[in-house]
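Please consult the sequence and the coordinates alongside the text.

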Amino acid sequence: MAKKNGKLWLILRIILLLILIGAVIAFFAFGLQHYLTLDALKSRKAALDAYRGAHPLLLAGGYFVAYLLAAAFSLPGAVILTLAGGAIFGVIEGTLLVSFASAIGATAAMLSSRFIFRDSVRKRFGGRLKRIDKGIEREGGFYLFSIRLVPVFPFFVVNLVMGLTSLSVITFYWVSQLGMLAGTLVYVNAGTRLAGLKSLSDLLSPTLIGSFLLLALLPWISRGIIAWVKARRLYKGWKKPKRFERNLVVIGAGASGLVSALIAATVRAKVTLIEGGKMGGDCLNYGCVPSKALIRIARAAHEARNAARFGIEVRESKIDGARVMDSVRAAIADVAPHDSQQRYEKLGVDVRRGAAKIVSPWCVEVDGEPITTRAIVIAAGAEPVVPDLPGLKECGYLTSDTLWNLKELPRRLLILGGGSIGCELAQAFARLGCEVAQVELDDRLLQREDDEVSAFARARLEGDGVRVLTEHKALAVECDGADKALICEHGEDGHKDKVRLPFDAILVAIGRKPCVTGYGLEELKIPLDEKKHTIETDDYLRALYPNIYACGDVAGPFQLTHAGAHQAWYAAVNALFGSLKKFSIDYQVMPAVTFIDPQIARVGLNEREARHQDIDYEVTRYPLAELDRAIAERETDGFVKVLTAKGKDKILGATCVGAHAGEWMSEFALAMHQKLGLKKIRGVVHAYPTFAEANKYAAGEWEKAHAPQRALRMAQRWHRWRRG
């Protein structure tokens, strides 16, 4: 039924398009353009005046319909028709007729554009239009009003473009009616002095054009005044210092805060960086660095156990849990100097250790000591989410923050959570000899990935000995001395069973929540996003107060170190130079990697997201089982999966699964950022043998699927003829 409706709408669109094209062709075929000249209007004015005297309503009605149709079909001659309104009907009646006819006709043209073109344009440029639509929702009427005030802009182009956006029809109509009124008055009034006009160029004198431009600037000037008044109201009650001690104060010395402070110091701004915990934040101390160190150790153990497949006999290996955890902590210690207080102080950053408190939009206290500043960047990070599970606190639990304090590896480890952190740690600990059970409430692991990717991850974890339990709801933790167990519920409604899972240690890895309390947001009434509980920011990462910015986990929407560093550039630059030039944040190309073995890396859309957004796409796959390097290393599990726009090589997204996938996925990220298609990737020479060749071969698969079959058949005939 849906396909039939789709075909019906397509037919209707084609019919309407043909009607519009036919109207334009008929207009010129019947020579109607010759009636819409200044000389033709002058020569017929007497006859039109006589007809108006005999049939005033009929002429007014006919004129109104003719003007409306000309606007609706985007026919030329709007200027002459407007002059005619003044020449025939006078200023008041002519302005009324032209104003309503032009606004209604423009709205009809906008609706035609929306009906005929919008769906196809959205399928091709869906991502860009979404960003435009967000701006249109906020200020579409304002921008349209500014454009309508300047009659130099071709109005039919404005109608066409606005039809592709989400601007409401009512807003388009009344803004067009109001915005075109000034130009209408000028032209209608000029029409009352028709005899004195020698050419249309007389209408658009430099003085008149300048007047229109000044008129168009009025909304912007008004907007600036309104923004100034709002800022005055917003900052009312806060005393602004006459002088500032700092250009920028950054709260939090994690990835986002460090980058913000470094940028400020690099451009010679005076910056203070405040950290109440460990320098380096989550990534260095609790996340990226220790987890990847543990994953590498676990992989070494796995390789030792499976060395026989390469003809290497390894005696039974013994895993020393204490030394494993010492090695992880050593990795943290080795990276720590890169994020240390000493390094950043040498770079010109004033580093303060203590608790930060924003006491006014221009003042931050560090353990009670005030620092005045022009701007503030909040980069306070996130902390683990701990569920309100009966018995959990009493029995004790681990999080990604406390896990690295273990002195020994637990014999039985239970992990709550099936996201990236849970999967990475489940596989790593299983490879190190722990009995690992992983509990996930949803029906699959890695919910954001495609089903086949989730299934791949589960198979790999189970292959390494992880007991994966999806669709299991944690109910309570029981603790009787050293005997600990998680009680779960599993099954469909009416047939649910209780499952008891004993453990020695339980790791809570169900997510992380932004740190948005305890440093002044409540007192300044800075609002949070209701869904994500992050600080509410605009496209420039500004919070409620225009001089306070947020980046990293507290700003969302990603909880990724590289995303926070990406945001930090925008937050710092806008905070320091926003009065001169502001930069809106761009999230279009944001890669992410799940570091199980083999890795799962993705950038852009996957199939689930493309379907959800109703985007037409094609899928091109290339299995690593056919890649020479993967075969040589016995790492053939995995694939490249590329989504492209229907019938084009434009990359919408790529998922790379395989050994070191996070490394060779970057080529797709670069291609998307630079708007390069698969043909460009296919044309790049890739070193042999490398895993990155998989990208080139995937591009080759796309070209093969889109090969011009007719041209190939002709080439075949030509070669046959050449053979004689």
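The sections below proceed from the overall chain to its salt bridges, its surface patches and a few individual residues.

## Overall architecture

The model is a predicted one. The chain has 724 residues, of which 44% count as buried. Its secondary structure comes to 25 helices and 21 strands. Along the principal axes, the C-alpha trace spans about 110 × 90 × 60 Å.

Side chains of opposite charge can pair when their charged atoms come close. The structure holds 36 salt bridges. Among them is the pair formed by arginine 299 and glutamate 635, with an N to O distance of 3.6 Å. This pair links distant parts of the chain, the two residues being 336 residues apart. Arginine 299 belongs to helix H11 (residues 288-305), while glutamate 635 sits in the loop between helix H20 (628-632) and strand E20 (639-645). Arginine 299 counts as buried because its relative accessibility is 19%, under the 20% cut-off. Glutamate 635 has a relative accessibility of 15% and therefore also counts as buried.

A salt bridge also joins arginine 412 and aspartate 504, whose closest N and O atoms are 3.0 Å apart. Which of the categories buried, exposed or partly exposed applies to aspartate 504? Its relative accessibility is 30%, so aspartate 504 counts as partly exposed. Arginine 412, by contrast, is buried, with a relative accessible area of 18%.

## A salt-bridge network

The side chains of aspartate 597 and arginine 431 meet in a salt bridge with an N to O distance of 2.8 Å. The pair links distant parts of the chain: aspartate 597 occupies the loop between strand E17 (592-594) and strand E18 (599-604), whereas arginine 431 is in helix H15 (residues 420-431), 166 residues apart. Both aspartate 597 and arginine 431 are buried.

Which residues are linked in a network of salt bridges? The network consists of Arg299, Glu303, Arg431, Asp464, Asp597 and Glu635. It includes the pair of arginine 299 and glutamate 635, as well as the pair of aspartate 597 and arginine 431.

## Charged surface patches

A patch of positive charge on the surface is made up of Arg710, Arg713, Arg717, Arg720 and Arg723. Arginine 723 lies in helix H25 (residues 709-723). Its relative accessible area is 66%, over the 50% cut-off, and arginine 723 is therefore exposed.

Negative charge gathers in a surface patch formed by Asp442, Asp443, Glu471 and Glu492. Aspartate 442 is located in the loop between strand E9 (435-440) and helix H16 (451-463). With a relative accessibility of 36%, aspartate 442 counts as partly exposed.

## A nonpolar surface patch

Val91, Ile92, Leu96, Phe100, Ile104, Ile170, Trp174, Leu178, Leu181 and Leu185 form a nonpolar patch on the surface, and together they have about 940 Å² of accessible area. At least two residues of the patch come from each of helix H4 (78-148), helix H6 (169-179) and helix H7 (181-191). The largest share, five residues, is supplied by H4.

Phenylalanine 100, one of the patch residues, has its place in helix H4. At 38% relative accessibility, phenylalanine 100 counts as partly exposed.

## Individual residues

Threonine 272 is part of strand E2 (residues 271-275). Is this residue buried or exposed? Threonine 272 is buried, since its relative accessible area is 0%. Its side chain makes polar contacts with the side chain of arginine 246 at 2.5 Å and with the side chain of aspartate 350 at 2.8 Å.

Histidine 562 lies in helix H18 (residues 561-577) and counts as partly exposed, at 37% relative accessibility. Histidine 562 and alanine 255 are 307 residues apart in sequence, yet their C-alpha atoms are 8.0 Å apart in space.

Note on methods: Residues numbered from 1 in each chain as written. Predicted model: local features only at pLDDT ≥ 70, side-chain atom pairs only at ≥ 80, totals over all residues. Heavy atoms only, no water. Patch = residues over 30% accessible without salt bridge, like charges linked within 9 Å, V, L, I, M, F, W, Y side chains within 5 Å. Areas by Shrake-Rupley, 256 points an atom, 1.4 Å probe, with all protein chains shown as cover. Salt bridge = Lys/Arg side-chain N within 4 Å of Asp/Glu carboxyl O. Lys, Arg positive; Asp, Glu negative; His and termini not counted. Charge placed at Lys NZ, Arg CZ, Asp CG, Glu CD. Helix = DSSP H or I, 4+ residues; strand = E, 2+ residues; numbered from the N terminus. Buried < 20%, exposed > 50% of the residue type's maximum accessible area, 1.4 Å probe, protein only. Polar contact = N/O pair within 3.5 Å; in protein donor to acceptor, adjacent residues only side chain to side chain.
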